[in-house]
Amino acid sequence: MSDGMNGMPNMMSIEGGIPLAGTVRAQGAKNAALPVMAACLLLKGQTLTLDNVPDLQDVRTMVELLEALGVTVEKEPQGRMRFSVPEEVSPEAPEAQVRKMRASSLVLGPLLARGGQAALPLPGGCSIGSRPIDLHLKGLVQMGAKIEIRSGVVYAQADQLRGRRIYLDFPSVGATENLMMAAALAHGETIIENIAREPEIDNLAAVLGSMGVPIEIEGTGCVRIKGVSEVHSGNERVIPDRIEACTYLLAGVMTGGQVTVTDVVPAHFGSMLAKLEEAGARFSVRRDAVTVFPAERLQSLSLKTMPFPGFPTDLQPQMVATLSLASGVSMVEESVFQARFLYAEELNRMGANIRIKGNTAVISGVRQLHGDDVKATDLRAGAALILAGLTASGQTRVGEMIHVWRGYEAIDEKLRSLGARVELITEETK
Ligand code: EPZ
C-alpha cells in the first residue's frame with residue numbers, strides 16, 4: 001500500500017467493537033479556511049492573519065497555490081497563519097494544485113478583482129459529481145468580466161468589476177464565496193440573492209469585514225457588499241469544523257459510547273441534532289460543546305440532504321453508516337450532488353444492507369457489521385468507513401486514506417484519545 005500524498009500513511013487499521021469515551025476538540029473548519037485563505041489575494045502589500053487554521057492536506061495545497069501566485073505564507077504555533085501579499089501577484093493558478101483540489105477555483109474572484117485578470121484550469125470533477133463552476137462565471141460576467149475558456153483553462157479579464165444585483169440559481173457555496181470576494185473591490189454596491197447560508201459564508205464575511213469591506217448579510221439569503229478601492233490588513237479566526245465535529249459525535253453514537261466534542265458552535269450543526277434526536281440518540285448541548293451518551297438501538301428515519309440549514313451533504317455518508325445499524329428501513333436522499341453513494345458498496349461488504357435507487361439510499365438496518373478491507377472513494381466516504389470499522393466486529397482496514405487526510409486533522413490520534421484501537425499502516429509495515 002503506497003503512502004498517501006505528502007508521505008502520510010495511506011491505510012488505517014481499526015479493531016472494532018470498543019465503545020468510545022472521552023473528549024476531542026473540533027479543528028478549524030476546512031470549508032471556512034480555504035475561502036478565507038483565498039481572500040488574502042485581495043490585499044496589495046498587506047497581510048492577512050488567520051487563527052485556528054487546521055493542519056490538513058487541503059490547507060497545505062491552498063498554501064502551495066498561494067505561494068505559487070507570489071504570496072508569502074508563515075505558519076505560527078497554535079494554528080496561526082500570516083499571508084503577506086505583494087503589490088503584484090501572478091494571475092495564473094497552477095494546474096498542479098487546481099487538479100488536486102476543486103476549492104482552488106476560489107482564487108478566481110479575488111485574482112480578477114485585484115488585478116483585472118485570472119487564468120484558472122477548469123477544476124476536474126470528482127467521485128461525487130461533475131462539479132461545474134458555471135454559476136461562478138455567470139456572476140462574474142454580470143459584474144463585467146470577459147470570460148473565455150480555451151483548452152480547459154478559464155481566462156477572465158475585467159478592467160473594473162462593477163457592483164450588480166445577482167441572483168444565484170442555486171445557493172452554491174463556492175459561487176457565493178467567489179462573488180463576495182469579487183464584489184469587495186468592485187465599483188459600487190453588489191447585492192447577491194439566494195446565497196448559500198452555510199456558517200462558512202459568515203466566516204468569509206467576517207474576514208472581508210476585517211479587511212475594511214462594508215458587508216451585510218440579511219436573513220433572507222441576501223448579502224450586500226459595498227466595493228472599496230483597496231482593502232487593508234485583516235485578522236480573523238476560522239470557525240470550528242461542524243462536519244468534523246459531527247463525525248466524532250456519530251462515532252460515539254455508533255459505538256454506544258460517550259463522546260464530547262468541544263470548541264464547537266452547536267447552532268452550526270443545523271438539522272443534524274434534530275435528526276439524531278428523531279432517531280433516538282441521547283445527547284446534551286452546551287454553549288460550545290456537545291456530548292452524546294449511550295442509548296438504545298437507533299430507530300430508522302428518512303432524510304434529504306439540502307443546503308444549510310438543511311441536513312448537510314457532507315454528513316450524508318457518515319449518517320448512512322450510522323443508520324445501517326438502526327432498526328427498520330431508512331431512506332436517505334442526496335439532493336446536492338449527483339453521485340455521492342459510491343461508498344455504499346464498501347459498507348455492504350461489511351454486512352450493511354443498502355440499496356441505491358436513483359439518488360436515494362434505502363438502508364435496511366442490521367444488528368452488526370463485520371470488519372473487512374475497504375477503500376475510501378472521497379473524504380466523507382472515508383470517514384463513513386472509519387465509523388463503520390469502529391463498530392464492526394474484528395479488523396477493518398481502510399485504504400486510500402489519502403482522501404481522509406484532506407479534511408480530518410490527526411484522526412488516528414483523536415480516535416486513539418477516545419479509546420479506539422487504530423493503527424496507521426505504511427509501506428514498510430504493510
Ligand atoms: C462546498 O463545495 C464544500 N467544499 C463541499 O464540501 C460541500 O459538499 C458543498 O459546498 C455543499 O455544501 C468547500 O467548501 C471547499 P456548491 P462547492 O457550489 O462550493 C452544483 C467536503 O467534503 N454547482 O454548493 O463546490 C454542484 O455541482 C466538500 O468538505 C453547479 O452546478 O459546493 C453541486 O451539485 C465536498 N454550478 C451543487 O451545486 C456551480 O457553478 C453544490 O455545489 C456551482 C455548483
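The buried residues of helix H7 are Pro199, Glu200, Ile201, Asn203, Leu204, Ala205, Val207, Leu208 and Ser210, where buried denotes under 20% relative accessible area, exposed over 50%, and partly exposed the range in between, for a 1.4 Å probe and protein chains only. The model is predicted, so that local features need pLDDT of at least 70 and side-chain atom pairs count only at pLDDT 80 or more, while totals for chains, interfaces and linings use all residues. Residues are numbered from 1 along each chain as its sequence is written, and side-chain values use heavy atoms, with hydrogens and water left out.

Helix H7 (residues 199-210) is mostly covered, as 9 of its 12 residues are buried. The helix reaches 17 Å from its first C-alpha to its last, close to the 16 Å expected at 1.5 Å a residue, the expected span being 1.5 Å times one less than the number of residues. Helices (H or I, at least four residues) and strands (E, at least two) are DSSP runs, numbered from the N terminus. The elements against which the buried residues of H7 pack include helix H1 (30-38), strand E3 (46-51), helix H6 (173-184) and helix H8 (242-255), contact being defined as heavy atoms within 4.5 Å.

Two packed helices are described by the angle between their axes and the distance between the axes. The axes of H1 and H7 come within 9 Å and cross at roughly 30°, which makes H1 roughly parallel to H7. Here axes are lines fitted to C-alpha atoms, for helices over the stretch in contact, and angles run from 0 to 180 degrees between N-to-C directions; those under 35 degrees count as roughly parallel, over 145 as roughly antiparallel, 65 to 115 as roughly perpendicular and the rest as oblique. Asn31, Ala32, Pro35 and Val36 of H1 make the contact with Glu200, Asn203, Leu204 and Val207 of H7.

Just after H7, glycine 212 takes a positive phi of about 95°. Strand E11 (215-218), against which buried residues of H7 also pack, is joined to strand E12 (residues 222-226) by 4 bridges in the antiparallel sense, two strands being paired if DSSP finds at least two bridges between them. Isoleucine 217 has valine 223 as its bridge partner in E12, and in the turn of this hairpin, which has 3 residues between the strands, glycine 221 has a positive phi of about 75°.

An open sheet of 3 strands is also present, with antiparallel pairing and the order E6-E8-E7; E6 and E7 are the edge strands, each pairing on one side only. Strand E6 (residues 117-121) pairs with strand E8 (residues 153-157) over 5 bridges, and leucine 120 stands opposite valine 154 in E8. Strand E7 (residues 146-150) is likewise joined to E8 by 5 bridges, with lysine 146 partnered by glutamine 157 and glutamate 148 by tyrosine 155. Helix H4 (residues 108-115) packs on the sheet and touches E6 and E8, its direction making about 155° with that of E6.
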